[in-house]
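Please walk me through this structure, step by step. I am new to it and would like to know where to look.

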Amino acid sequence: MSDISASEYIDQQNALEDEAREVMPWSPNQCTYIDGGLRQPVFSCLTCGEIGVCYSCSIQCHADCELVELFTKRGFTCDCGTERQTAKKNVNSAYWCQLRKNTTQDIASTSNTYGPNYKGYFCDCHKQYDPDTDSTMIQCTLGLECNEDWYHCSCILRTQNLKNEEEQERGEKIQLDPTDQIPINFPKLDSFEAFLCWKCVSRYKSVFRDLLAHPRSQDLIAHKVPHKDYLEVTNAVESNADTSTDDNLRKRKFDYDEDDVDQAFSVMLSPGYKNLLQDLRSEIEKSSKIYVFLMDIAPFLAEDDPTYEPPNDSDDDTSTYELGTQALWPNVDKDLAAAGLKAMDGIKQKLSEFLRPFAESKQVVKEEDIRHFFKLQNEENRQ
Ligand SMILES: [Zn+2]
Ligand SMILES: [Zn+2]
Ligand SMILES: [Zn+2]
Ligand SMILES: [Zn+2]
Ligand SMILES: [Zn+2]
């Protein structure tokens, strides 16, 4: 860091803060265990027995564990510090969960469900998620069979895991749409709002058959996508590559034998599908399969289904300085950022006071000034 003015320093802090908010958007101070089953961001802790922990516990109780981010799961209760946790994280701490401060293990939820995601595996191809190399993945909104799994778009189209190396190699060469990074014969991502995987649809096959036969399905169902043999799809793409942007072609490629009742398919629901399902539910016969499904089995499809978000602290006007440490540690990783945030809580006020005279007199803040400030803080913390 070269010498900069205080206002430049603050601008830099704001940019760093925006970046950090993407990684850690909320203040991690409340465990959601007491709220019971919530639709919330969940992290699987492989170290503590493949348990699911809430956002705050992932930072405050499991920062040095091996975690997998599962994103949103419905009806999940935090497992941190419950009987499901295999061992106490910190033998020196009296507490099982650092936020709930329970000295004995709490009773674990009996309604949590666990799929392969909790072992760190995603999609039908059963792979670990790699944000740097993986193409677009989408989550199943229904989730009753697949535990709200995430799928590669190319895996949604094919029936079986690629069996041998030759096929795997072909799989890697699948043509991707340059803007969306999805297979070119896959529906445009903005043409639907919810994806229901073929596994979940197959479990309620008769309901979906009735739904597809209902006059409202025209508006409600954006796409019905066969889960068919991968090589067939590739050949279709290759022979029609020159007209791949044609929407009709897109649809035509999904045509398949309607008489083949064993053909599995996924369903994509149109934007605004919740209102359409609400209307359908209010007008349809109460004895029908569709009504029972929307009322008792998957009411969340037709109702508001908000995701719990931990409180954020964006109203805090000293937050400009909250991530000041990151200016000195630009490659700070997430765990360190968590520790940094906790530490900064205590010193951001002091940093603000420290910088004020520089800002008022338009004086240049030197790197050594900042280093000196943090050195003093570290010494104070050690005492
Ligand atoms: Zn928790
Ligand atoms: Zn852990
Ligand atoms: Zn915890
Ligand atoms: Zn996959
Ligand atoms: Zn599913």
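What follows covers metal sites, then aromatic rings, then charges placed over rings. Keep in mind that this is a predicted model.

Start with the zinc ion (ligand 2). Its protein donors are Cys45 (SG), Cys48 (SG), His62 (ND1) and Cys65 (SG). They lie 2.1 to 2.3 Å from the metal. The angles among the four donor atoms run from 102 to 114°, and the site is tetrahedral. Four donors count as tetrahedral if all angles lie between 85 and 135 degrees. For four tetrahedral donors the ideal angle is 109.5 degrees. Along the sequence, the donor residues follow the spacing C-x2-C-x13-H-x2-C. Cys45 belongs to strand β2 (residues 38-45), while Cys65 sits in the loop between α2 (55-60) and β4 (67-76), so the pair ties together parts that are 20 residues apart in sequence. Both Cys45 and Cys65 are buried.

Now turn to the zinc ion (ligand 3). Cys57 (SG), Cys61 (SG), Cys80 (SG) and Cys97 (SG) coordinate this ion at 2.3 to 2.5 Å. The four donor atoms subtend angles of 107 to 116°, which makes this arrangement tetrahedral. The spacing of the donor residues in sequence is C-x3-C-x18-C-x16-C. Cys57 lies in helix α2 and Cys97 in the loop between β4 and β5 (137-139), so the pair ties together parts that are 40 residues apart in sequence. Cys57 and Cys97 are both buried.

Next come the rings. The count of aromatic pairs is nine. One of them joins Tyr114 and Tyr118. Their centres are 4.9 Å apart, with 75° between the planes, and the pair is edge-to-face. Tyr114 is partly exposed, at a relative accessible area of 31%. Tyr118 is buried, at 2%. Ring pairs also bring in Phe76, linking Phe76, Tyr114 and Tyr118 into a cluster.

Phe122 and Tyr129 form another ring pair. Their centres are 6.4 Å apart and their planes stand at 70°, so this pair is edge-to-face. Phe122 is buried, with a relative accessible area of 4%. Tyr129 is partly exposed, with 39%.

Last, look at charges over rings. The charged end of Arg74 sits over the ring of Phe300, 3.6 Å from the ring centre. Lys224 lies over the face of Phe265, at 4.7 Å from the centre of that ring.

Conventions: Residues are numbered from 1 along each chain as its sequence is written. Chains are lettered from A and ligands numbered from 1 in the order in which they are written. This is a predicted model: local features need pLDDT of at least 70, side-chain atom pairs count only at pLDDT 80 or more; totals for chains, interfaces and linings use all residues. Side-chain values use heavy atoms; hydrogens and water are left out. Donors are N, O and S atoms within 2.8 Å of the metal (3.2 Å for Na, K and Ca); water is not among the atoms, so sites may look incomplete. Four donors count as tetrahedral if all angles lie between 85 and 135 degrees; four count as square planar and six as octahedral if opposite donors are over 155 degrees apart and all others between 65 and 115; anything else is irregular. Helices (H or I, at least four residues) and strands (E, at least two) are DSSP runs, numbered from the N terminus. Buried means under 20% relative accessible area, exposed over 50%, partly exposed in between (1.4 Å probe, protein chains only). Rings of Phe, Tyr and Trp (its six-membered ring) pair if their centres lie within 6.5 Å; planes under 30 degrees apart count as stacked, over 60 as edge-to-face and the rest as tilted. A charge sits over a ring if NZ of Lys or CZ of Arg is within 6 Å of the ring centre and within 35 degrees of the ring normal.
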